[in-house]
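Me: I am new to this structure and would like to go through it with you. Could you show it to me, please?

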Amino acid sequence: KARLAILLSGRGSNMVALVQAVQSGVLSGLAEVAVVFSNKPDAPGLETAAAMGCPTASRSSQGCKRAEFDADVVEVLQQYQPDYVVLAGYMRILSPTFIRAFAGRILNIHPADTHQHQGLHAYEWAFENQLPETKITVHLVDEGLDTGPILAQHPVDLRGTDTLAEVERRGLAVEHRVYAETLAHLIKQAQPVEHGLH
Ligand code: GAR
């Protein structure tokens, strides 16, 4: 089974969807949660993860230099031997040290088309610009901000939304489904083809 390190900074609704998929959904039999990590020791998502039976770890990034903090996080994560580092609302830009430690194995979910919008507040951006749709994007993380190769994109119909809360509600429902599906697909692709016994 592929070992997942799930990283979050806040609420953790994507983490919950991933853990549920591991426990009884599209990721069951394919993946296990090695650790849920946060750069904010008081992130609500960490407590939720523990309540769901996941190992958890945290280090406070407050007042730390990025490269030093990331070197520390790499060391923590390596103890759990993850195959994939899955960013789920991890609100930090990763330093090259981090990217290189897990090169090609870091995934992120972004609530917009990463060609059109990067960084924070993607739902606000879609709402304020009254976009008829946005595209949830799952991508591999490289050294740029939301520039890595796209693994999957799924449209969210935003027509008829009057509030930011409604935009987010529709978007998150899609996020929760597609992150686990995309990861399942990636893990299956990475598995060696099994030949039947002769
Ligand atoms: C999600 O909407 C995620 O796509 C977004 O943060 C939210 C985290 O919610 N990520 C980004 O904007 C990354 N640029 P969650 O903690 O409930 O999963």
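Reply: This is a predicted model.

Me: Which residue of E3 stands opposite Phe37?
Reply: Ala57 of E3 stands opposite Phe37.

Me: And what is the strand order in the open sheet?
Reply: The order is E3-E2-E1-E4-E5-E6-E7, seven strands with mixed pairing. The edge strands, each pairing on one side only, are E3 and E7 (150-157). From one strand to the next, the twist averages 20 degrees.

Me: Which strands does H2 touch where it packs on the sheet?
Reply: H2 touches E1, E2 and E3, and its direction makes about 155 degrees with that of E3. Helix H6 (residues 164-190) also packs on the sheet, where it touches E1, E2, E4, E5, E6 and E7. The direction of H6 makes about 155 degrees with that of E7.

Me: Back to H2, then. Which of its residues are buried?
Reply: In H2 (residues 44-51), the buried residues are Gly45, Leu46 and Ala49. They lie on the same side of H2 because they cover an arc of only 105 degrees around the axis. On the other side, Pro44, Glu47 and Ala51 are exposed.

Me: What do the buried residues of H2 pack against?
Reply: They pack against strands E1 (2-8), E2 (31-38) and E3 (56-58), and against helix H1 (13-24).

Me: What about Gly53, which follows H2: is its phi positive or negative?
Reply: The phi of Gly53 is positive, near 90 degrees.

Notes
Residues numbered from 1 in each chain as written. Predicted model: local features only at pLDDT ≥ 70, side-chain atom pairs only at ≥ 80, totals over all residues. Heavy atoms only, no water. Buried < 20%, exposed > 50% of the residue type's maximum accessible area, 1.4 Å probe, protein only. Helix = DSSP H or I, 4+ residues; strand = E, 2+ residues; numbered from the N terminus. Arc of directions from axis to C-beta. Contact = heavy atoms within 4.5 Å. Pairing = 2+ DSSP bridges. Axes fitted to C-alpha atoms, helices over the stretch in contact; angles between N-to-C directions.
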